[in-house]
Amino acid sequence: MKEEDLVRLYQRGATRRPAARADCVPPEALLDVVEQRGPEAARLESVNHAMACADCREELELLRATRIVRDRARLPRFGFALAASLVLVAGLSFYTLGRNRPASGADDDRAVTRSGSDDVQLITTGVLSGQTPNLVWRRTSGAASYVVELRREDGTLLTRDTTADTVFAVPDSVRAGPDADAYWAVTARLSDGTSVVSSVRRIRLTP
Amino acid sequence: MPRSPDAVSGTLESLLLRHRESVLRVGRRHGLSDQLLDEAMQELRIRLWRAFPGSDQLAAVSPGYLYRAAVTAALMVIRRRRAKRESGVEMTPRFEETTPAREPRPDQAFDESELAERLARTVDELPAARQAVVRLHLQGYHRDEIARLLGWSEARTRNLLYRGLDDLRALLAKRGIGPGASV
């Protein structure tokens, strides 16, 4: 059997996502792998599980992604500034290229999400109530749809919806209960496969 | 005097932008979904927003602090996702679960499924270290990524990978899954 067949068959077998996660390794064990803490035998066990479980592999990958921040923290001050600048320049280049790229043929490796751009401008400020339940933002050029998210201060997701409109009416159930602060943001999914994320805005929820 | 929320949010977004593109490019190769990453970034945003109400403070956040905050945000999102699964909350279907890349013939699909199952059982039999490096390799991790993740030298990683793949082929051959297996 050729190596590419082994790879394909193995990946086919490892795309299963368990219905329950009772047998999965705890998130802390996945973090131990990333930070190389604890006995090697335990870390190997976690890796072996994660490489056979699509959910744990994705979670390991999320934790591994934080390594980019950690590795940068090890650079000398000048090196950090330089590396950060390079990443920023690379991000801006992707932004410019994304604008000029034809709509077809965008693959995953080249797709890009741009964050904190003025391209998605949030309008609603202040208080959301029964009289004014709408979150409103400006239309983004090239947007096929928008993902709206509203979260509590502790990060709990209150509501998330996808719409082609630039208005989202927050359901009464979300505003029920005592007055509370929340945060909202909008991600514009563009027709060329890229995304633009708005800044985060604080809002007051009242029934 | 405290800055306006928009000034803080501009500083916060440029801080996150430094890392987001790199994370996306690296993470997507190994199955990290935009949805999970978006949730983690949002969690991190909120944490930083609450911890640093002024944009001047935010601009001076150390990379060490940012790393710990990113790890905490990632762990929080993972725990929340697991809790949702346990409580039976419907998860958004994933792309690979809703969009089959290519429909194989029914007989071919059965053969591949059976072979994939037998391959998985055979990999389980490898010693732990060889098993880990072989699994990572078969999942598409480069050798230097494997070495970094496991904290091994390049030479140790290479040796264990070659030996592990040899062991795997030998075990598969014993089960009649050799070079001639139809896949």
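Q: How are two packed helices described?
A: Two packed helices are described by the angle between their axes and the distance between the axes. In this predicted model, the axes of helix α2 (residues 34–51) of chain B and α4(B) come within 8 Å and cross at roughly 125 degrees.

Q: What word describes how α2(B) and α4(B) lie to each other, and why?
A: Angles over 145 degrees count as roughly antiparallel and 65 to 115 as roughly perpendicular. The angle here is roughly 125 degrees, so α2(B) and α4(B) are oblique to each other. Their crossing is right-handed.

Q: Which residues meet where α2(B) and α4(B) come together?
A: An α-helix has 3.6 residues a turn, so residues three or four places apart point the same way. From α2(B), the residues include B:L36, B:A40, B:E43 and B:R47. On the α4(B) side, B:A69, B:A70, B:A73, B:A74, B:M76 and B:V77 take part.

Q: How many residues does α4(B) have, and which are buried?
A: α4(B) has 24 residues and reaches 34 Å from its first C-alpha to its last, close to the 34 Å expected. Among its buried residues are B:L66, B:Y67, B:A70, B:A74, B:I78 and B:R81.

Q: Where do nonpolar residues gather?
A: In soluble globular proteins, nonpolar side chains tend to be buried together. The largest nonpolar core here has 56 residues, and A:L30, A:A50 and B:A74 are among those with the most contacts inside it. Helix α4 (residues 63–86) of chain B gives the most to this core, with 10 residues. A second, separate core of 21 residues includes A:V120 and A:Y146.

Terms used:
Residues numbered from 1 in each chain as written. Chains lettered and ligands numbered in written order. Predicted model: local features only at pLDDT ≥ 70, side-chain atom pairs only at ≥ 80, totals over all residues. Core = buried A, V, L, I, M, F, W, Y, C linked by C-beta atoms within 7 Å. Buried ≥ 20, exposed ≤ 12 C-beta atoms within 10 Å, placed from the backbone. Helix = DSSP H or I, 4+ residues; strand = E, 2+ residues; numbered from the N terminus. Expected span 1.5 Å × (residues − 1). Axes fitted to C-alpha atoms, helices over the stretch in contact; angles between N-to-C directions. Parallel < 35°, antiparallel > 145°, perpendicular 65-115°, else oblique. Left-handed = near helix turned anticlockwise from the far one by under 90°. Contact = placed C-beta atoms within 7 Å.
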